[in-house]
Amino acid sequence: GTPEVGEALNTPGADNEVVLPLLPDLQITEIWPGNEPGSNLTADWFEITNVGDIPWTPDLGGLYFDDESQAPADADLISGITSIAPGEVVVAIDDTSIVEFLSVWESSYDLTGIQIGTYSGAGLSQGGDGVTLWIGDPTSGGILVDFESYPDANVNGGQSYDVELAAFSTVG
């Protein structure tokens with residue numbers, strides 16, 4: 001008879017290695033929990049950097065985000081990012097706030113070529129939270145690729161959190 005699918009992986013003398021697809025190394029590198037106190041310049045946003053050698057493209061699965069709860073059922077799809085090349089940085093922001101984001105940050109930074117993706121639903125809070133990122137729908141086999149938390153931002157209102165430096169931004 002024909003072996004069952006599970007039996008094929010345990011065939012003596014056969015190549016039984018399971019090969020998983022190579023995935024890009026996407027990391028959350030900066031977080032803006034855009035709440036008071038302080039200068040509430042824009043709504044929440046976070047930065048994703050591809051620190052690996054493999055590009056992310058939608059055919060690998062969509063990008064999904066949730067806060068510190070890491071709840072797959074609460075994850076929101078990030079729209080508007082077409083790919084993330086090795087070394088590329090993109091930003092994800094609440095979909096109601098993209099105009100506000102551009103009006104604040106374009107005057108200080110050259111955002112030419114920076115992709116800005118949007119999401120709706122999940123949000124960040126000042127009281128110490130986190131960003132969870134999946135490739136693929138986490139309710140149907142998506143892979144958690146990064147989780148970064150940030151400390152209580154109540155005393156650091158109006159500052160972004162640099163994950164790599166483990167520090168809130170400072171003026172200048």
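Visitor: Where does Ala-166 lie?

Guide: Ala-166 lies in the loop between β9 (161–162) and β10 (167–168); strands are DSSP runs of E with at least two residues, numbered from the N terminus. This is a predicted model, in which local features need pLDDT of at least 70, side-chain atom pairs count only at pLDDT 80 or more, and totals for chains, interfaces and linings use all residues. Residues are numbered from 1 along each chain as its sequence is written, and side-chain values use heavy atoms, with hydrogens and water left out.

Visitor: Why is Ala-166 called exposed?

Guide: The term exposed requires over 50% relative accessible area, buried means under 20%, and partly exposed is in between (1.4 Å probe, protein chains only). Ala-166 has a relative accessible area of 51%, and is therefore exposed. Its phi is positive, about 55°, although Ala-166 is not a glycine.

Visitor: What makes Gln-70 partly exposed?

Guide: The relative accessible area of Gln-70 is 30%, so Gln-70 is partly exposed. Gln-70 lies in the loop between β3 and β4 (76–78), and its phi is near 50°, a positive value in a residue other than glycine.

Visitor: What makes a set of residues a nonpolar core?

Guide: The set must consist of buried Ala, Val, Leu, Ile, Met, Phe, Trp, Tyr and Cys residues joined through side-chain atoms within 4.5 Å. The largest such core has 24 residues, and Leu-26, Phe-46, Ile-48, Leu-63 and Ile-78 have the most contacts inside it. Strands that each supply at least two residues of this core include β1 (26–32), β2 (45–50) and β8 (143–150). Apart from it lies another core, of eight residues, among them Ile-93 and Trp-105.

Key
Helices (H or I, at least four residues) and strands (E, at least two) are DSSP runs, numbered from the N terminus.
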